[in-house]
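I opened this model to see what packs against what. My notes follow, in the order I looked things up.

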Amino acid sequence: MSEAVDISLSVNGEAVTRRVPARQNLVDFLREELGLQGTRAGCEHGACGACTVRIDGAIARACLTLAAQLDGAKVETIEGLSRSGEIVPLQAAFHERNAVQCGFCTAGMLVTAAELLRLPQPPSRAEIRDFLSGNYCRCTGYHAIIDAIDAACRGKARE
Ligand code: FES
Ligand code: FES
């Protein structure tokens, strides 16, 4: 029988306490234990970015993070960022510019792009491409996604 670990953490602002298998990764914990299905499990080895979440304010791969490591941590998922209104400009721009096809990559893209929205100055398109280079999309060819993030960052800067 595998070892279990008790953890208490904040997920999207709510206190969560659970006993987790020592080897359970964060993406499985979020999806299976907490029912937060917005975070996707794609490659499950750190390559595709579909599982991107925020841990203690910094983006991280949920597939490479063990839930057992997160005692005392603050985790934010796409559900939390959506609920807070933080990514409204990105969501609107993705919608307007058809930057979503199957949607599998979208949550990870939005959580990653939210970092760019927080910059004091809008990034260049090259900087956006570079920052998003760890997030794979198999459908869109990326142009619409870059356009959407560019528009959201520029719009936000004008507010
Ligand atoms: S599922 Fe985590 S990087 Fe692909
Ligand atoms: S929209 Fe399908 S993987 Fe990006």
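I count a contact when heavy atoms lie within 4.5 Å. The model is predicted, so I kept local features only at pLDDT of at least 70 and side-chain atom pairs only at pLDDT 80 or more, while totals for chains, interfaces and linings use all residues. Residues are numbered from 1 along each chain as its sequence is written, and side-chain values use heavy atoms, with hydrogens and water left out.

**Entry 1: E76.** I looked up E76 and found it in strand β5. Helices (H or I, at least four residues) and strands (E, at least two) are DSSP runs, numbered from the N terminus. Is E76 buried or exposed? Buried means under 20% relative accessible area, exposed over 50%, and partly exposed in between (1.4 Å probe, protein chains only). E76 has 15%, so I list it as buried. Leaving out residues up to four places away in sequence, E76 touches N12, V53, R54, G57 and L81.

**Entry 2: C63.** C63 sits in the loop between β4 (58–61) and β5. Its relative accessibility is 10%, so C63 counts as buried.

**Entry 3: helix α1.** This helix spans residues 26–33, and its buried residues are L26, V27, F29 and L30. They lie on the same side of α1 because they cover an arc of only 165 degrees around the axis. The arc is that of the directions from the helix axis to the C-beta atoms. What covers them? The cover includes β1 (4–11), β2 (14–21), β3 (52–55) and β5 (74–76). At the helix start, a side-chain oxygen of N25 comes to within 3.3 Å of the backbone nitrogen of V27. After α1 comes G35, with a positive phi near 70 degrees.

**Entry 4: the cores.** A nonpolar core is a set of buried Ala, Val, Leu, Ile, Met, Phe, Trp, Tyr and Cys residues joined through side-chain atoms within 4.5 Å. The largest has 26 residues, and I87, L90, F94, M109, I145 and I149 touch the most other members. Elements giving two or more residues to this core are α2 (78–84), α3 (88–96), α4 (106–117) and α6 (143–158). α4 gives the largest share, eight residues. I then took I145: it touches F94, A99, C105, M109, C137 and T140, not counting residues up to four places away in sequence. There is a second, separate core of 20 residues, including I7, L30, I55 and A62.

Technical notes:
Chains are lettered from A and ligands numbered from 1 in the order in which they are written. A polar contact is a pair of N or O atoms within 3.5 Å; within protein, one must be able to donate a hydrogen and the other to accept it, and residues adjacent in sequence count only if both atoms are side-chain atoms.
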